[in-house]
Amino acid sequence: MTTATARPSDRRISPVFLGIVAVAVVTGWATWTGFAEQPGLAVFLFVTAAWVVSLCLHEYAHARTALHSGDVSVGAKGYLTLNPVKYTHALLSIVLPVLFVIMGGIGLPGGAVFIERGRIRGRWRHSLISAAGPLTNVLFAVVCTAPFWLDALDGVPRDFRLALAFLALLQVTAAILNFLPVPGLDGYGVIEPWLSYQVRRQVEPLAPFGLLIVFALLWIPAVNGVFFDAVDALLRGLGIGEADTYCGFELYRFWQTDERCSVSP
């Protein structure tokens with residue numbers, strides 16, 4: 001275990017994170033007002049920045065819960081600053097999730113804060129630390145879908161509505177995938193403390209490959225269809241139609257357009 005000394009800088013919000021938030025706010029405003037000459041570019045920057053903000057808060061939720069559960073080392077590691085550069089695997093937590101959004105319109109689970117589990121006592125605390133991240137995605141999904149299920153879309157510009165619908169899709173897919181009880185994902189971290197020592201030892205070697213296994217399964221058309229049918233059903237229950245998420249994704253990928261989703265000038 002490492003020794004950690006609390007310093008104010010350990011919890012000061014990073015300028016990097018504030019810059020990402022600023023990009024989300026400015027491009028969100030440009031999408032809302034139609035100020036941008038290329039609305040698709042504004043939507044791309046808005047959704048990408050908002051997605052990265054949610055990834056940072058996902059990791060922060062893990063770290064903050066760990067801090068209050070006994071792992072005081074998370075501060076010295078920079079996890080409480082919301083700076084994505086400080087993550088153990090910035091590639092897994094930021095770069096790959098953004099690439100998966102661009103290529104496939106799916107929220108890839110992150111997972112790159114190292115928690116010193118030996119400092120934490122109690123199975124419930126271990127489970128809560130693992131659950132804190134995907135619960136952040138659930139909260140983001142609630143916020144993104146609120147205008148839809150509250151029937152508060154009057155006056156909301158079409159491009160902004162489509163961007164919110166696509167962002168909601170990302171949060172829902174990230175939450176579902178994260179909560180899968182697969183080694184290496186947060187869902188397994190929730191149940192792991194309650195498993196026997198023998199079971200944990202047997203599945204431990206699978207942890208580095210858990211996410212790869214999930215995405216390999218999603219390449220199977222039947223599995224992919226069941227997964228996205230469940231996502232679409234959930235989003236429909238929240239007032240978001242499949243056309244909204246589809247056109248939101250097409251608008252996000254502004255370099256290729258679909259005439260069925262012609263955007264407003």
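1. Let's start with the pair α1 and α2, where α1 passes α2 in a left-handed crossing. Helix α1 covers residues 15-33, and its axis comes within 8 Å of that of α2, crossing at roughly 145°. Axes are lines fitted to C-alpha atoms, for helices over the stretch in contact, and angles run from 0 to 180 degrees between N-to-C directions. Helices themselves are DSSP runs (H or I, at least four residues), numbered from the N terminus.

2. A word on the model: it is predicted, so local features need pLDDT of at least 70 and side-chain atom pairs count only at pLDDT 80 or more, whereas totals for chains, interfaces and linings use all residues. Residues are numbered from 1 along each chain as its sequence is written, and side-chain values use heavy atoms, with hydrogens and water left out.

3. Which residues bring α1 and α2 together? On the α1 side they include F17, I20 and V21, and on the α2 side they include A42, V43 and C56; contact means heavy atoms within 4.5 Å. By class, this contact has 16 nonpolar, three polar and no charged residues. Ala, Val, Leu, Ile, Met, Phe, Trp, Tyr, Cys and Pro count as nonpolar, Asp, Glu, Lys and Arg as charged, and the others, Gly among them, as polar.

4. Next, follow α2 to α5. Their axes come within 8 Å and cross at roughly 155°, which makes α2 roughly antiparallel to α5 (angles over 145 degrees count as roughly antiparallel, under 35 as roughly parallel, 65 to 115 as roughly perpendicular and the rest as oblique). The crossing is right-handed. Among the residues that meet are W51, S54 and H58 in α2 and R125, N137 and F140 in α5. The contact divides into eleven nonpolar, nine polar and one charged.

5. Helix α5 (residues 123-149) also pairs with helix α6 (residues 158-178), their axes coming within 8 Å and crossing at roughly 150°. That makes α5 roughly antiparallel to α6, and the crossing of α5 and α6 is left-handed. In α5, P134, N137 and C144 are among the residues that meet α6, where the partners include R161, A165 and Q171. This contact has 14 nonpolar, four polar and one charged residue.

6. Now pick out S54 in helix α2 (residues 39-69). Is S54 buried or exposed? S54 is buried, with a relative accessible area of 0% (buried means under 20% relative accessible area, exposed over 50%, partly exposed in between, with a 1.4 Å probe and protein chains only). Leaving aside neighbours within four places in sequence, S54 is in contact with N137, F140 and Q171.

7. What about the cysteines? A disulfide is a covalent bond between the sulfur atoms of two cysteines, and here one is counted when two cysteine sulfur atoms lie within 2.5 Å. The whole structure has zero disulfides. The sulfur of C144 is 15 Å from the closest cysteine sulfur, in C56, too far for a bond. C56 is buried at 0% relative accessible area, and C144 is buried at 5%.

8. Finally, visit helix α11 (residues 242-252), which holds L251. L251 is buried, with a relative accessible area of 6%. The C-alpha atoms of L251 and F166 are separated by 9.4 Å, although these residues are 85 residues apart along the chain. Not counting residues up to four places away in sequence, D244 touches F148, R161, L162 and A165.

Conventions: Helices (H or I, at least four residues) and strands (E, at least two) are DSSP runs, numbered from the N terminus. A crossing is left-handed if the near helix is turned anticlockwise from the far one by less than a right angle, and right-handed if clockwise.
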